[in-house]
Number of protein chains: 2
Amino acid sequence: MLENLHYILQHNCILVQNRAILVGVSGGPDSLYLLEMLVDCGYTLLVAHYNHGLRPSADDEARWLAAHVERLGIPFVTAGSDVLAYARDNRQSIEEAARERRYKFLFEEGERIDAQAVAVGHTADDQVETVIMHLLRGAGLQGLRGMEYRSLPNLWSTKLSLIRPLLGVWREQVMSHLAKRGLQPLVDESNLDRTYYRNRIRHELIPLLKEYNPAIREAVYRMSILAQGDYEVIEGVVREASAECNIRTGQGYVSLDYAAWGRQPLAIQRYLLRQAFAALRPGLKDIDFSQVEKAAQHLVAHQSGAVELAADINLLIEGNWVWLFSAGAQLPTDPWPQMRIDEWDEIDIPDKRVLTSGWVFTVEEVQDSRQAFEMAASNKDPFQAWIDLHVPDMPMSLRGRLPGDRIRMIGMQGHSTKVSDLMINLKIPQRVRDSWPLLAAGDDILWIPGLRLSERVQVRGDTQRAAHFQLCRLE
Amino acid sequence: MLENLHYILQHNCILVQNRAILVGVSGGPDSLYLLEMLVDCGYTLLVAHYNHGLRPSADDEARWLAAHVERLGIPFVTAGSDVLAYARDNRQSIEEAARERRYKFLFEEGERIDAQAVAVGHTADDQVETVIMHLLRGAGLQGLRGMEYRSLPNLWSTKLSLIRPLLGVWREQVMSHLAKRGLQPLVDESNLDRTYYRNRIRHELIPLLKEYNPAIREAVYRMSILAQGDYEVIEGVVREASAECNIRTGQGYVSLDYAAWGRQPLAIQRYLLRQAFAALRPGLKDIDFSQVEKAAQHLVAHQSGAVELAADINLLIEGNWVWLFSAGAQLPTDPWPQMRIDEWDEIDIPDKRVLTSGWVFTVEEVQDSRQAFEMAASNKDPFQAWIDLHVPDMPMSLRGRLPGDRIRMIGMQGHSTKVSDLMINLKIPQRVRDSWPLLAAGDDILWIPGLRLSERVQVRGDTQRAAHFQLCRLE
């Protein structure tokens with residue numbers, strides 16, 4: 001048992017030997033056992049006890065615990081507050097208030113002594129109850145995993161990990177071990193610091209489920225172990241997909257690549273959306289399956305326009321970008337090339353312009369025009385173009401769209417198309433159309449970077465002078 | 001609703017319009033509703049009814065159903081047997097016997113008319129009950145998915161799919177629809193063909209769970225939907241891993257690449273082992289988490305020797321191969337090069353020998369000995385060697401191991417090593433050591449393909465004549 005725990009402390013809780021651990025000890029069997037085990041494994045400890053002051057015997061118990069810890073030669077800190085008043089003031093249940101005050105104390109003490117972790121005594125029985133609560137509420141793989149041996153970040157800290165080394169130990173094992181050591185826990189933790197709901201699961205539901213399967217606890221526990229492994233695999237797939245979808249989080253918004261999202265399996269699509277929700281709504285408060293499903297359905301159906309998914313969270317498809325954003329968030333325009341009116345200018349050859357939108361325009365003459373012809377012919381990137389320099393009137397300019405701008409696109413047999421119509425057809429979001437940079441010679445549009453090249457300026461086999469144009473995003 | 005069902009019939013059940021579907025109809029609400037829906041969607045149908053003869057009214061009900069189906073203009077077949085006697089003879093519960101007889105009839109009729117599918121009327125309520133039953137028994141992601149819209153292969157056929165189009169429809173929806181159409185189902189299916197266990201789940205457990213969450217059915221249903229998606233993702237990962245591990249199934253054994261297995265995440269390691277178990281024990285009878293876990297632990301600990309994982313299923317690590325095999329199975333030797341004693345022979349240059357073990361030996365002179373030197377220097381494949389032809393006495397031979405065989409390996413400064421010791425050190429399984437082909441000149445061992453080359457015959461910068469030797473497996 002101790003050997004097994006040694007392994008878990010090192011590999012699952014990721015503890016080192018030479019740095020203190022803060023152990024939260026209530027005086028109940030689980031935390032007393034945890035303390036014994038950590039002492040046996042040779043870790044440096046500080047015991048912290050929070051006195052909720054909820055029972056008449058609380059002070060006596062704290063004194064008993066202090067003496068017990070002192071006998072073990074371990075430093076001991078304790079604190080307490082009027083949890084009842086706190087609960088009243090914050091409109092919380094007593095259990096919630098007690099939990100909040102206790103963990104706040106544990107993490108403050110842990111940070112004060114620069115502990116490597118805060119350790120608490122949740123057992124396999126607690127794990128089973130947690131998983132059943134998640135099941136009853138409706139859970140996915142994440143919820144079916146239950147609690148983790150090590151949580152970082154956790155609800156109380158982003159730097160100090162919360163560890164639960166006893167998740168694989170059953171309450172019976174705890175009790176029999178304590179009995180063997182002649183240790184009599186003073187507090188019955190099973191009825192303390194538990195919500196009413198959890199108590200009902202423990203004392204009513206689990207005994208009842210045992211009538212269906214006497215080994216129900218083991219079955220649920222095993223499921224949580226399997227779910228942990230499955231979830232790790234899925235997390236790996238989600239990580240890859242998330243990179244593929246270029247997920248970006250900004251002030252009040254998350255953006256992702258629509259086409260890349262569409263290529264993922266449904267389950268991964270859901271996880272990616274959930275991740276986007278989580279970035280906008282920490283802890284996913286009020287977000288569940290139905291909001292994620294609504295977003296997925298909207299995207300699959302390719303419905304245009306913004307839709308409200310949850311209070312204050314909207315979804316918008318713009319070209320190949322999907323935005324999830326809080327109402328009022330300023331969506332950036334930098335997925336698309338943009339230029340300010342004061343950046344409109346004539347260009348030289350060679351030239352290089354860094355636009356404030358984060359895009360760079362470059363032009364360079366190509367010495368070998370035959371090579372220019374070949375590169376143009378095999379080019380697949382619409383943000384690069386090769387242009388015959390003998391055709392357009394000089395100088396050329398880089399500027400935004402003007403009313404009446406037209407382009408003679410390749411393959412349109414000399415017919416010209418309005419730039420504004422083209423942008424609509426290509427689903428360029430309205431808000432970025434005016435500031436989209438165009439290469440022009442007077443009112444002749446030569447190239448719309450990212451979209452189309454004019455047939456007139458195409459490099460041909462007999463072209464004498466050519467230049468290579470490129471618009472690309474700064475990394 | 002009908003539109004939704006249309007979609008499910010096409011995309012989830014993968015039905016085509018121009019081929020018959022056999023519909024199993026009990027006369028209860030679910031199957032009557034299924035029949036209505038399939039008629040409305042315009043499919044070609046045959047209705048099949050199995051008369052279990054378990055209730056006095058069974059014959060009347062069958063007649064009522066026949067008349068109802070006739071009015072719809074759909075062909076109708078029926079059959080029946082003494083299910084009670086069948087149950088008694090086969091020591092089954094009445095429910096099991098009824099189910100077995102019924103599905104056997106449905107699939108026989110389906111195959112007779114070359115149907116594209118056998119359709120049955122399981123609803124979302126049935127799905128929830130199934131998932132809860134799996135949960136109680138202890139399930140992984142596979143079990144949490146519940147039933148599938150389309151199962152192929154299934155327990156009754158490898159060619160004819162079983163479809164359950166109503167898995168997304170709640171019993172209330174069925175009832176209200178039937179009421180709207182004025183259809184009065186004669187049989188209360190909810191108490192027919194259900195095991196006692198399922199009835200307890202339906203009538204006792206689910207109402208009780210509603211006290212914890214009034215929307216418990218929806219929560220469980222949603223979990224099954226999420227599990228389906230997650231499982232598909234995991235299946236994709238397992239497929240890739242399975243190819244990477246070179247999983248091979250033979251008569252009574254499965255083999256896999258140990259190192260490749262070791263590189264997988266724990267969850268995938270478990271799925272691969274489960275898959276191996278499933279190949280040996282169809283339906284995974286008596287195989288659960290503990291057998292899989294025992295196998296995984298054995299492999300992680302790299303314990304030598306065979307171990308019994310379950311009645312009649314053994315695990316053996318041999319070099320880089322893992323075998324799961326039934327007791328008495330003849331494990332093949334072809335992962336390793338082997339030759340029969342009657343294949344021992346002198347070799348020529350060039351030469352090519354196809355060994356009955358499925359391995360091919362080739363030798364070819366290399367014209368440019370400088371090139372041979374370079375290729376030998378950069379070679380990473382131990383099944384290829386370049387040899388200086390001026391060194392060994394001719395002729396060379398390809399033969400198995402003889403007592404006393406020794407080799408002077410590269411880097412051993414002329415000291416020779418016993419071939420038998422080398423094979424032990426390199427963890428070559430004992431059963432393949434004697435027949436491992438060696439390149440020898442008299443009693444001088446020049447090359448042990450796959451293992452080591454003799455320092456004496458190495459190609460050097462001043463080598464005048466060299467040959468390229470290769471032993472490789474026939475594809």
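Author: Contact here means heavy atoms within 4.5 Å. The model is predicted, so local features need pLDDT of at least 70 and side-chain atom pairs 80 or more, while totals for chains, interfaces and linings use all residues. Residues count from 1 along each chain as written, chains are lettered from A and ligands numbered from 1 in written order, and side-chain values use heavy atoms, without hydrogens or water.

Reader: Which residues of chain B lose the most area?

Author: B:L136, B:Y212 and B:F289, together 22% of what that side buries.

Reader: Where does B:L136 sit?

Author: In α6(B), where B:L135, B:L136 and B:R137 meet A:I216, A:A219, A:R222 and A:M223 of α10(A). Helices are DSSP runs of H or I, at least four residues, numbered from the N terminus.

Reader: At what angle do those two helices pack?

Author: About 100 degrees, with axes 7 Å apart. That makes α10(A) roughly perpendicular to α6(B) (65 to 115 degrees, between N-to-C directions of lines fitted to C-alpha atoms over the stretch in contact, on a scale from 0 to 180).

Reader: New topic: how many salt bridges link the chains?

Author: There are 2 between chain B and chain A. One of them joins the side chains of B:E211 and A:R200 (3.9 Å, N to O). The cut-off is a Lys or Arg side-chain nitrogen within 4 Å of an Asp or Glu carboxyl oxygen.

Technical notes: Parallel < 35°, antiparallel > 145°, perpendicular 65-115°, else oblique. Buried area = accessible area lost by both parts, 1.4 Å probe.
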